[in-house]
Amino acid sequence: MSPRIPEEKIEEIRKSVDIVDIISEYVQLKKQGRNLTGLCPFHGEKTPSFSVSPDKQLYHCFGCGAGGNVFSFLMETDGLSFSESVAKIARRVNISVPEAEEAAGNSGKKDETLQPWIEGHTLAAKLYHHILTATDEGRDAREYLRKRGFTREAIDTFQIGYAPDSWDLLTNFLEKRNFSLKDMAESGLLAVRDFDKKSFDRFRDRIMFPIWNKNGEAVAFGGRILGEGNPKYLNSPESALFKKSEILYNFHQARKAIKKKGEAVLFEGYVDVISAWRAGIQHGVAALGTALTENHARMLRRNADKVIICYDGDDAGQNATFKNAVILEEAGLQVRVARLPEGYDPDDYIQQNGPEQFSSQVISQSMTLMAFKFQYFRRGRNLLDEGERMDYIHTVLKEISLLERAVERDHYIRQLAEEFNISLEALKQEQHQIFKSQKKKEKREIRSAAGSYAMKPQKKLKLAHENAERLLLAHMLHSDSVAAQVQDQVGGTFNIDEYQAIAAHLYSFYGEGHSPDPSLFIERMEDEKLKRITTELAMMTINTEMSEQELDDYIKQIKKYPKRLEIEQLKTARKEAEEAGDFNKAASIAMDIIKMEQALKKI
């Protein structure tokens, strides 16, 4: 059994970091009053509902309910155990906690399995880079890269290498260093022959591009064949270490520039990213041979407000631009599109026109997504044909109807009217009809999803006693003296079960001699539901000084509620007696109701 981490050591670690510093590495935060807000990393949203309190060292999402302190944040975002989250922060602040490391090690068997895989990829990257830059075997690859405009600085920055045309160079290299060849094959670094099950080098005669995870660890490779052959580009297979849907090429290096600019440039492949980097575009990333995913979009949204898509100018590139723009917009990102001439990719354009022109004429001159759609829907259409022209106008009007801002809708409708010499009023009327049709469709979908309900039910207004209990607990979390008064007058008789449980935990917390500390209190709670509720209560904005009258009013609401409930039950019983014709019983119940209402006034 792992040794228990002392509470005082956990507290030392928690107080040694600012929760804002940790969370800002995952979420783009903006100041709003005393707190900071951003888009929740735990669920998709377009309007920020995620709040971080520097004063309380807590976070809470008012959308999905997630909340807690710095340890629980790392547990949720990185999938860590409590011990692993403690160990991670301890390493960050150089605090030695052998108990945390041992506990984290015992609970991190997956990491133990993957660590040799990471080490194998790291060594392979160094070997390939050395072969490219310092050996005769890498001469042809060096010459090829030189002709393509790759500088030594770019080769070193992106650790580009070369895998010789050998079946066992890397295999022997790893075996001599006591790596398990079976593990290396499972990691995707090596391959296995079918007929004798022997390992061999997966990549041969290829320029090698290491692929890193968000922590900057080598987890895969992309290889471009140097001579003729297929496939032209070969990526490592997916594994427990390398999941394409969770990795953006160069994200670990570009992240700082992305956060600084509030903007990312999205390319199709790693060669485009590197070419753009040589043109001064340091905030470029790329998905890896797969469609952009919601995970990718969330990664970008946590660090930027805007994404410029810069894909090839051919049909495939433009179709991918349209498709991925939808995913990015749904994640809450502003999308712009950098236009390349048809038949060009970014690397080709830079080769022919130079890095300065790429930066100034392509990236800096990116167009709005709606302007791109105007051009995109023209592709393959003969607008001189009346039928195709009308179809094009209708298609564009449907896209305009999706715009949230009336000013934008008006701008693009006028643009259509001017281009095709059509009545502005007629276009507006048509667009309004499309808008109404879209809204009806959305309502039908909501009805279908909600069963018999046409709309999602609104949140139920909280009753007076519930508000009183919430506010009392919020004050109790920040004041042990308020908690003591409530304990004397109310004890554990809160009317809502969860609040009753939180109050009981709080009485115990203060009884152990702790001072008010919501973050520490939440950390000690084991029930996840109670943790979330307590975090929400702790994040409430309250007056730090509560008057005796205010305290008395809250306590009265709590005490009165059971009596009110009993009176309502008696009223129901009286009505049932009257309907049954038992008027003597009804009169007796009515007298009981009067007595209880009089007693209620005295509380």
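Two strands are taken to pair if DSSP finds at least two bridges between them. Helices (H or I, at least four residues) and strands (E, at least two) are DSSP runs, numbered from the N terminus.

## Basis of the model

The structure is a predicted model, in which local features need pLDDT of at least 70, side-chain atom pairs count only at pLDDT 80 or more, and totals for chains, interfaces and linings use all residues. Residues are numbered from 1 along each chain as its sequence is written, and side-chain values use heavy atoms, with hydrogens and water left out.

## The five-stranded sheet

An open sheet is formed by five strands in the order β13-β12-β14-β15-β16, with mixed pairing. Its edges are β13 (284-286) and β16 (367-368); each has a single partner strand, so one side of each is left without a neighbour in the sheet.

Strands β12 (residues 263-267) and β14 (residues 306-309) run parallel and are joined by four bridges. Within this pairing, L266 has I309 of β14 as its bridge partner.

## Helix α21

Helix α21 covers residues 464-478, and its end C-alpha atoms are 22 Å apart.

Burial is judged by relative accessible area (buried under 20%, exposed over 50%, partly exposed in between; 1.4 Å probe, protein chains only). Eleven of the 15 residues of α21 are buried, so the helix is largely enclosed by the rest of the structure. Among them are the charged residues E466, E469 and R470, as well as L472, L473 and L477. The buried residues pack, by contact (heavy atoms within 4.5 Å), against α22 (480-489), α23 (497-511), α24 (518-524), α25 (528-538) and α26 (548-579).

## Backbone exceptions

Most residues other than glycine have a negative phi, and most peptide bonds are trans. Q57, in the loop between β3 (50-53) and β4 (58-61), has a positive phi of about 55°. At 18% relative accessibility, Q57 counts as buried. N178 also has a positive phi, of about 65°, and lies in the loop between α9 (169-176) and α10 (181-186). At 74% relative accessibility, N178 counts as exposed.

A cis peptide bond, with omega of about -5°, joins N230 and P231. P231 is placed in the loop between β10 (218-225) and β11 (233-235).

## Cavity and pocket

Both kinds of space are found on a 1 Å grid over the protein atoms alone: a cavity is a set of points where a 1.4 Å probe fits but cannot get out, a pocket is an open set with protein on both sides within 12 Å along at least five of seven lines, and lining residues have an atom within 4 Å of a point. Grid points are joined across faces, edges and corners, and a volume is the space filled by probe spheres set on the points. One cavity of 30 Å³ or more is counted, and the largest cavity holds about 50 Å³. Its lining consists of N69, F71, S72, M75, F82, I522, E523 and K531. The largest share, three residues, comes from α3.

The second largest pocket has a volume of about 890 Å³. Of its 23 lining residues, E329, L333, Q334, L403 and E404 lie nearest its centre. Two or more lining residues come from each of α14 (315-330), β15 (334-337), α17 (369-376) and α19 (406-420), and α14 gives the most, with four. By class, the lining has nine nonpolar, three polar and eleven charged residues, where Ala, Val, Leu, Ile, Met, Phe, Trp, Tyr, Cys and Pro count as nonpolar, Asp, Glu, Lys and Arg as charged, and the others, Gly among them, as polar.

Notes: Expected span 1.5 Å × (residues − 1).
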